[in-house]
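Subject: Structure handover

Hello,

Here is the structure I said I would pass on. My notes on it follow below.

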Amino acid sequence: MNVTTASVQFTGSAQSYLSPTGVEVAFILIGLVVLGSALLVVTVRNLVHAALWLVVCLGGIAGEYLLLGAELVAWVQILIYVGAIVVLLLFGLVLTRAPIGHTDELDVKHRAPAVVVAAGAAGVLVTVVVDAYRKVWLEPRAAVPLGTGAANGAALFKYWVLPFETLSVLLLAALVGAIVISRRGADGDSDEPESVGTD
Amino acid sequence: MPQFPDAVSNQNMTNWFLGSFDTHIPWWFILVVIKAVAAFAILVVLTLFNIWYERRVVSFMQMRIGPNRVGPQGLLQSLADGVKLALKEDIVPTNADKPVFWIAPLLSAIPAFLAIAVIPWGPAVSIFGHWTTLQLVDLPVGVLYVLAISSIGIYGIVLAGWSSGSTYPLLGALRSSAQMISYEVAMGLSFAGVFLYAGTMSPSGIVNAQQHGWYFYMLPLSAIIYIIAMVGETNRAPFDLPEAEGELVGGFHTEYSSLKFALFFLAEYINLVTVSALAVTMFFGGWRAPVPISLWSGANSGWYPMLWFMIKLLIFVFVFIWLRGTLPRLRYDQFMAFGWKVLIPVSVLWLLVVALFRQLRNAGDLDRAHAVPIGIGIAAVFLLLVVALEVRERNQIRRTPPPTVPDYEPLAGGFPVPPMPGQSAPAVPRRPQFARTAAAPAPALNGTTAEEASTR
């Protein structure tokens, strides 16, 4: 009902400067940028440069969300991932050890198992997503009403309330854990070597 | 009587000039380009104006005169400074990470410009006979967009500090990233109350929702929290720790010069305008006329709203300057404690209260006769809570025994260090060569006694 009228409106309007194929082309190009920058994150030998490529990668994903009509998710992605998480990462790097130039200790010894694990995880995710959306055709222009704040809020707090609350409990547990770990050193005898952080 | 051709050509001028585009470029595109260029120009001119404004106002507050030579009342001083800055040598430190050193000022300036795009400067007006609102884009999640874009601006500062390869900029970058992340949380929480009241995240929708009363009256605590957070977010005095001149020699931009430095300067002043514009939009009615003027029916139509918006904006800029001229800089730990232990808990509690009121209103259980006593009760409980916490804090301070201060070591850790609080440096005799026989030898800085030094 709504979807069909919306698609008619958007394709018929003079303001649709990106044709549907244009959207798809842009989507694939940004996807290539995301993939390339993700590879650079793990191959670049400078820690801060790696963090910056991570910014490009996450920002590109926000662009993909925008192309799919998920406006709210796109800006939240930038606000949280680009604006908070990677900034915190950079903060930690700058605070501890981020020399200008190459860092040589970045290579891991167990390269082959790491590749296997990464390929396995990627395979599982791709299979699940492809299988789940095999028969779904998403019209990007028609998806705009689904991406608004109201639609997202309704979906989140009506149908996905339980996972949402579970996630918040998980985050709370992580927070409490972080406080416990950081306080253990402060309260105990500072002369004893701490076992925290060796794992 | 000769025919006066100008009248005719003036009439057709718009058609001749813009009509030639008509077949190729749609009108909405031309309007968007015009508005974008206008927004850019307004931001740059406002920056030049605000620098002059700040210097003059601070001068008057300090009983000086300020810049008054270049142009009328010194108005062109900032322009002259800008040209001078552009002609200076562009120095890149040897230790710098060159590409990041280049990108940092851009990452600082570009988001600053982008954020203004969603701010409504007025209602629909006629430009070349076409109706359009004085707003570049009306995003449904516009306020979120501003928050997201301004959070990108942090990168400029952090990367500038890191890539300079120098100590003071690094310290400035550390301070600023911690500061901006902390105050962003309070900022976002203060907006949540407005979203609950307006029912939308679009700036134009929020301005429309303030038709019958500004949110400053309805959500005073949100407005106050936002105003404090915005000063922290823009790194302005009294929260200008990232570039504390006395401690960090300018902070993150110590190593920058010429146009790269100018970009940081530009970004700072544009951010000043952006956060002020956001404050006006969210809490002070946006482009709506203030009360006595709003009785006139034409006050909120045509181009007048832009004037009201500009006046409100400049009042906010004045408040920024006033703060700078009045308050001393906070110590870093006080500042962080204030952000995390006061601003964020208070905004969370306040958000709960707002949500409760909103829900009761929506359910229809709350009329004015009940709302006022409940509001007063909540305010009283809140005040009691704050007082109780403060009393507890003071009691704790009184009960804790004074920490045992170790004796003063002039060379703790191998470096000459100043005495800590509670310690006092031994008095240095005025003339060591005469005092040596009378008093005990003063600790020399290189760790040897005076006698040893003299025998070398």
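This is a predicted model: local features need pLDDT of at least 70, side-chain atom pairs count only at pLDDT 80 or more; totals for chains, interfaces and linings use all residues.

Residues are numbered from 1 along each chain as its sequence is written, chains are lettered from A and ligands numbered from 1 in the order in which they are written, and side-chain values use heavy atoms, with hydrogens and water left out.

The interface. In all, 27 residues of chain A are in contact with 29 residues of chain B. The two chains bury about 2,400 Å² between them, 82% of it on carbon and sulfur atoms (accessible area, 1.4 Å probe, lost on putting the two parts together and summed over both). Two residue pairs are in polar contact between chain A and chain B, both at pLDDT 80 or more (N or O atoms within 3.5 Å, one able to donate a hydrogen and the other to accept it; residues adjacent in sequence count only if both atoms are side-chain atoms). On the side of chain A that touches chain B, α3 (47-67) and α4 (71-95) of chain A are the elements that give two or more residues. The most comes from α4(A), with 16 residues.

Chain B. This chain has 17 helices and two strands (DSSP runs, H or I of at least four residues and E of at least two, numbered from the N terminus). Of its 456 residues, 41% are buried (under 20% relative accessible area, 1.4 Å probe, protein chains only).

Helix α11 (residues 258-283) of chain B reaches 38 Å from its first C-alpha to its last, close to the 38 Å expected (1.5 Å times one less than its number of residues). Because 21 of its 26 residues are buried, α11(B) is largely enclosed by the rest of the structure. Just after α11(B), Gly285(B) has a positive phi of about 80°.

Helix α9 (residues 220-233) of chain B has 14 residues. Its buried residues include Ile225(B), Tyr226(B) and Met230(B), and among the elements covering the buried residues of α9(B) are α11 and α13 (304-326) of chain B. Asn235(B), which follows α9(B), has a positive phi near 60°.

Regards

Methods
Buried means under 20% relative accessible area, exposed over 50%, partly exposed in between (1.4 Å probe, protein chains only). Contact means heavy atoms within 4.5 Å.
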